Amino acid sequence: MWKLECFWSSTGAVGGCVRNVLIIDDEQMIRDLLKHALGSENFKVETADNAKGGMAKFDSGWYDLVITDVRMPGVDGHHVVNHIRHSDRQKTPVIGVSGTPWLLNDGDFDDVLQKPFAIQSLIEKAKSLIQ
């Protein structure tokens, strides 16, 4: 098995390397903002508007990183990370995002971001987790 190497410049990945990211958030504006920001850094981004849809996409696709809101109606981001950790791709990095910081104290997330956050901070975390 070989590892795909990505080298990052100020304008994103170079050498044709594209990383797949899944964003799961119930807020359309957040999904659109994150998709645009990560897309401008040469990430290929797919989105889901709820946890169940996100877990279905994860199961049927291949993602280098998952970014999930923690607090969503019905099934939440803790269920998403638990689903990933019990899958055959349990090492897939997961960033948890929440406006309620006490919900981010879950050791299963590889990293967490408290809303509001700087987009550049998310981009840096994404790059560091998938290198």
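**Overall fold**

The model is predicted. Its chain holds four helices and seven strands, arranged along the sequence as β-β-β-α-β-α-β-α-β-β-α. The chain has 131 residues, and 44% of them count as buried. Among contacts with a separation of 6 or more, 63% are made by residues 24 or more positions apart. The accessible surface is about 7100 Å², with carbon and sulfur atoms contributing 53% of that area.

**The cavity**

Rolling a probe the size of a water molecule over the atoms shows where empty space is left. When the whole structure is searched, one cavity of 30 Å³ or more is found. The volume of the largest cavity is about 30 Å³.

Its lining consists of Ile23, Ile24, Asp25, Ile30, Leu34, Ile67, Thr68, Asp69, Val97 and Lys115. Three elements, strand E3, helix H1 and strand E5, each supply at least two residues of this lining. E5 gives the most, with three residues. The table lists the residue ranges of these elements.

| Element | Residue range |
|---|---|
| Strand E3 | residues 19-24 |
| Helix H1 | residues 28-39 |
| Strand E5 | residues 65-69 |

What classes of residue make up the lining of the largest cavity? Six are nonpolar, one is polar and three are charged.

Key. Residues numbered from 1 in each chain as written. Predicted model: local features only at pLDDT ≥ 70, side-chain atom pairs only at ≥ 80, totals over all residues. Heavy atoms only, no water. 1 Å grid on protein atoms, 1.4 Å probe; cavity = no way out; pocket = protein on both sides within 12 Å on 5 of 7 lines; lining within 4 Å. Points joined across faces, edges and corners; volume = space filled by probe spheres on them. Nonpolar A, V, L, I, M, F, W, Y, C, P; charged D, E, K, R; others polar. Buried < 20%, exposed > 50% of the residue type's maximum accessible area, 1.4 Å probe, protein only. Contact = heavy atoms within 4.5 Å. Areas by Shrake-Rupley, 256 points an atom, 1.4 Å probe, with all protein chains shown as cover.
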